[in-house]
Amino acid sequence: MAGKVATVFIIDVGPSMWQKKVDESGTTAFDLSSRAIQIMLENKVISERKTDMTSVVAVGTNDTDNPLSTDEKHDHISVLNGIEQPKLSILRKVRNDLPRGDISGDCLSAVEVAIKLISDHCKHLKYIKKIYLFTDGESTITKSNHSAITNICGSENEIRYQGQADSLFRISCFLFNISQYNICVYLKAASENFWREFVRDCGGDIFTMRDFLNRLELPQIRAVKPTPVYKGFLTLGDVEEHPESSLSIPIEMYHKTSITRPPTAKKWSIPAEMSTLRQKTHEVYTSKVHVIIEKSEDKNEGEKADEANQIEVPLEDLEKAYTFGKTIIPIPSYDEEVLGLHTIQSMCMLGFIKAEDYRQEYCLSNISVILPPKDNLDASLRLSSLIQALFIKNAYALVRYVSKTNKDPRLAILVPHLKTSTECLYFAKVFTNNLDLPFCEDYRKCVFPSLENIVDKFGKKVEKHKNLPTPEMLDKMGEYINGMNLMEAALDNEGNAQEHLKVKEVYNPVLFRIQKAISHRALHPDDSLILPDEKLTSNARILPSLVEKNKHLINEMRDLFKITKVPPKVKRRRAEVSRKGVGEINAEEILGSKEEEFEEVGIKKHKSEINGTFCGDILPNSADIRKIGYIDPVGDFTKMIENRQEDLVTTVYIIFSAVEQMCKIITDLAKTLVDDTKAIQCLKALREVSAREDESERFNEFLQNLRKNCLDRPLAKADFWQHVVDSKITLISSDEAPDSNISKEDANKVT
């Protein structure tokens, strides 16, 4: 039962603890002690370890409630809760309902009570036993059982004693400074020597309260008991068929890195709390039911009738099925063995590869460490020989790994790790769903254009280009990278340079932010959530010293790379969409209340309600234009643009937008008409409107396609493009429209 922990927190609640202030803000030793216990209890409640038992004992209470209360020296000591898994109730009691006594208690007798609680709970089982004592040292000490307690604590328990002080060796009425460590206790000068000797004999430590609280404010990393994820053999060759020419090494594998995830959320329901169950809870559970729905032939009955005709299908009547094209192919459970591969638990070496040939993009997984079994000297010798051979040859071992019998095989890599005090193999599973080395079906080769090898349209490499850095740019960027070096960016307490953002000092802000939010809401259900701790958020920001140090380089690179502020892209105006439901749409608003429209070659005819006759409307209002005709395409196009009730330039509610229609008109005119004048006028009008209405990308694309059609696949009028060149119609450059990414020089090259 190794790994079980029994902890007792002893807090002095005598008058000196809560009446005397320890700083100008009015904080008392009682406040700091209860805050420290609260933080440690929060971590225990969050971890939800069933093997972590906790008790809280108060010294100096007006009442007496403890297992040793028959002895007078154990008076005014109360056990607030027995040893059990910490819950929210005891956490709230420590925060809000800790008693404040009017009589000083005996802290050494409280240690004796704590030992009694731990002994009764643990009996002869193997536990990690801890006692934390919080006191200012002003209470009386009964030393009659000093030696007996020291013998018990020194042999079985770990005593942590914490003190509150301001400066080393300074003795005040109730404060003094002592060692800086994990747990704090307030000692007085008269009892300091006694507690130091007592804690030393018990093999414990003494800490200052303020320094201890600073440590507690940092995220507490939960200790994880090492558990092997694989116990078996590492083999090379066929051990069964050729044992004399093969190698078999007993090994154990443990996780070296593993993602720690935040607490998961559960479903919460107020009706669940209102139930009549004896143990009420807000928690609700998900239930999955498979049903067959018989559709009703009567459409008027609706979905309620379909729900009433549901037939539940038991789980044992379900079978797996796979799609083959659009056909569903069921595979019964007795045939499922065909889909699997019969394997046995193993880890066998397939071969070796050079370290430089291993591609780092494969390694995207948790790392495990392979060690020999404990007290197995033969396995240690074999594994050590393999590790040193791989290290000398600068090679990795490729292995086939099966974690359990009948599990799918995976490919993995073994990397030697050799140091003075440690020899092991790092096991790297990577890339696929189970994070292993990829099979050929798993690897996806993506090809991207080169950043430094730029070619022109003829395939010739370009030496000078706006996207190619100059030697001066490369030197300046290299100087900036050296200036942002983190290895000497931070300073220690003595002012010496040290590494910034060490892995062991960088905590996951999301993980601990969620934990703090849960704890705060549990204790303060009506308050808003607190802001993130500065110590966590500071790691997400760049060091101010680095910014100041490289400020001149940033300014120089801004001028060298010609970095300018890009104006914000103008948002396009969209037509307003009615929020009416489908059943509320008024057909007259769409079709018109007094006329029925017909479109024929740009001329509209309307049926009059007055006389029932038809009359031609050659000049309709601009709001009636919905299609560009071939008679006056420029006029129709202009009227559509001038209509601001709807943005018909980019509207998605018309079959063809004004720009798209105009592009089609120009293409048709260039193919059919003898005189190119109308097509050139349309092209000029389209260019002007596109530059003004943020449609430059569409125009540039159309003009380039038009040129290609004229030169590569000649139109009926082969000289049309020459007329475009003579009219000086070019691409829209970034100087003319903010949405264009083409320079003025490139815009002129198209012609």
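This passage describes the predicted model of one protein chain, from overall features to a few local ones.

Residues are numbered from 1 along each chain as its sequence is written. Because the model is predicted, local features need pLDDT of at least 70 and side-chain atom pairs count only at pLDDT 80 or more, while totals for chains, interfaces and linings use all residues; side-chain values use heavy atoms, without hydrogens and water.

The chain holds 22 helices and 22 strands. Helices (H or I, at least four residues) and strands (E, at least two) are DSSP runs, numbered from the N terminus. Of its 751 residues, 36% count as buried. Buried means under 20% relative accessible area, exposed over 50%, and partly exposed in between (1.4 Å probe, protein chains only). A contact requires heavy atoms within 4.5 Å. Among contacts with a separation of 6 or more, 63% join residues 24 or more positions apart. The chain exposes about 48,300 Å², and carbon and sulfur atoms supply 53% of this area. Accessible areas come from the Shrake-Rupley method with a 1.4 Å probe; for residues, only the protein chains shown count as cover.

The predictor's confidence in each residue is its pLDDT, from 0 to 100. The average is 76, and 77% of the residues score at least 70. Where pLDDT is low, the predicted coordinates should not be read in detail.

Helix H15 (residues 551-560) has a buried side. Leu553, Met557 and Leu560 are buried there. These residues lie on the same side of H15 because they cover an arc of only 60° around the axis, taken from the directions from the helix axis to the C-beta atoms. The buried residues of H15 pack against helix H11 (471-483).

H11 also contains Ile481, which counts as exposed at 53% relative accessibility. Ile481 forms a nonpolar surface patch with Met477, Phe561 and Ile563, with about 370 Å² of accessible area together.

Most residues other than glycine have a negative phi. Lys562, which follows H15, has a positive phi of about 55°. Lys562 lies in the loop between H15 and helix H16 (587-591) and is exposed at 70% relative accessibility. Lys123 also has a positive phi of about 55°. Lys123 sits in the loop between helix H4 (107-122) and strand E4 (128-134), and is exposed at 61% relative accessible area.

Methods
Patches are made of residues with over 30% relative accessible area and no salt bridge: like charges are joined within 9 Å, nonpolar side chains (Val, Leu, Ile, Met, Phe, Trp, Tyr) within 5 Å. A salt bridge is a side-chain nitrogen of Lys or Arg within 4 Å of a carboxyl oxygen of Asp or Glu.
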